[in-house]
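Please read it with the sequence and the coordinates open beside it.

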Amino acid sequence: MIAKRTLLLSIGALVCLPAAERARADAPAPSPPSRSTPPPSDLSRAQHERFMRLAIEQGRKNPYYPFGAVIVEPETGAIMATGTNNARANPTLHGEIVCINDYVARHGNRDWGSKMLYSTAEPCPMCMTALIFAGIGGVVFATSAFDGQKKAGMDPIRISAQDIVDATPFAKPFLLGGILSAETDRMFLERKRY
Ligand SMILES: [Zn+2]
């Protein structure tokens, strides 16, 4: 009985602590698990399109390779990170990788499960693998690699984003393509050429 009462008193004391002290008291504990991503079916097409428009804004910053991406928190609608292809500077700097780097710089390497990445084009194997290694909750893209990108004169590696997900035993992020693809297919087709 005494032990139980002590425990209850301890809990009461914890609850009564001011927020700052509570944070200190909680400090040694591991960080709480990230909030789960809302089921993708909860996101309407209008919501997907709103986030994709932000990725398109990023893509337009590179008129030659308009690959742009944003990482969002669907639950709050917050834009957590942005990225535009900068492969002229570094071959690994695809839009998604720039976006991953921006996310880590701003928020740390954490809480990926509740985030979604929106990209103007289907992630290549490098980017899709990096996103899975991060633990991203979902990926939504517009232009497909084997239709829109090919028509725009690019020659993507013939491994789809879905192939990467299917070959991954430890994670199954949500994956959806084709959102606003009419708009992004045109953007890729009309891109400037070197
Ligand atoms: Zn890529």
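1. Which residues does Leu-131 touch, not counting residues up to four places away in sequence? Taking contact to mean that the C-beta atoms of two residues, placed from the backbone, lie within 7 Å, Leu-131 touches Glu-96, Leu-117, Pro-123, Ile-136 and Val-139.

2. A word on the basis of this note: the model is predicted, local features need pLDDT of at least 70, side-chain atom pairs count only at pLDDT 80 or more, and totals for chains, interfaces and linings use all residues. Residues are numbered from 1 along each chain as its sequence is written.

3. On confidence, the pLDDT (the predictor's confidence in each residue, from 0 to 100) averages 85 over the protein chain, and 79% of the residues score at least 70. Residues 1–35 have a pLDDT below 50, and this stretch has eleven contacts in the model beyond near neighbours in sequence.

4. The secondary structure of the protein chain comes to eight helices and five strands, where helices (H or I, at least four residues) and strands (E, at least two) are DSSP runs numbered from the N terminus. Read from the N terminus, the order of elements is α-α-α-β-β-α-β-α-β-α-α-β-α. Among contacts with a separation of 6 or more, 61% join residues 24 or more positions apart.

5. The five strands form an open sheet in the order β2-β1-β3-β4-β5 with mixed pairing, two strands being paired if DSSP finds at least two bridges between them. Because β2 (78–84) and β5 (174–176) stand at the edges with a single partner strand each, one side of each is left without a neighbour in the sheet. Neighbouring strands of this sheet are turned by 15 degrees against each other on average, direction ignored; axes are lines fitted to C-alpha atoms, for helices over the stretch in contact, and angles run from 0 to 180 degrees between N-to-C directions.

6. On one side of the strand order, β1 and β2 pair in the antiparallel sense over six bridges, with Val-72 opposite Ile-79 in β2 and Gly-68 having Thr-84 of β2 as its bridge partner. The hairpin of these two strands has four residues between them, and Gly-77 there takes a positive phi near 80 degrees. The pairing of β1 with β3 is also antiparallel, over four bridges, and Ile-71 stands opposite Leu-117 in β3.

7. The remaining pairings are parallel: five bridges join β3 to β4, and β4 (residues 138–143) pairs with β5 over three bridges. Leu-117 has Val-139 in β4 as its bridge partner, while Val-140 is partnered by Leu-176 in β5.

8. Burial is counted from C-beta atoms placed from the backbone, a residue being buried if 20 or more others lie within 10 Å of its own, exposed if 12 or fewer, and partly exposed in between. By this count, buried residues make up 38% of the 194 residues in the protein chain. In β1, five of the six residues are buried; in β4, six of the six are buried, so β4 is largely enclosed by the rest of the structure.

9. Helix α4 (residues 95–107) lies across β1 (68–73), β2 and β3 (116–121), running at about 135 degrees to β2. In α5, the buried residues are Cys-127, Met-128, Leu-131, Ile-132 and Ala-134; because they cover an arc of only 160 degrees around the axis (the arc of the directions from the helix axis to the C-beta atoms), they lie on the same side of α5. These buried residues of α5 pack against α4, β3, β4 and α7, and α5 is followed by Gly-135, whose phi is positive, near 95 degrees.

10. Finally, Lys-150 lies in helix α6 (residues 145–151) and counts as partly exposed because it has 14 C-beta neighbours inside 10 Å. The C-alpha atoms of Lys-150 and Asp-185, which are 35 residues apart along the chain, are separated by 10.0 Å.
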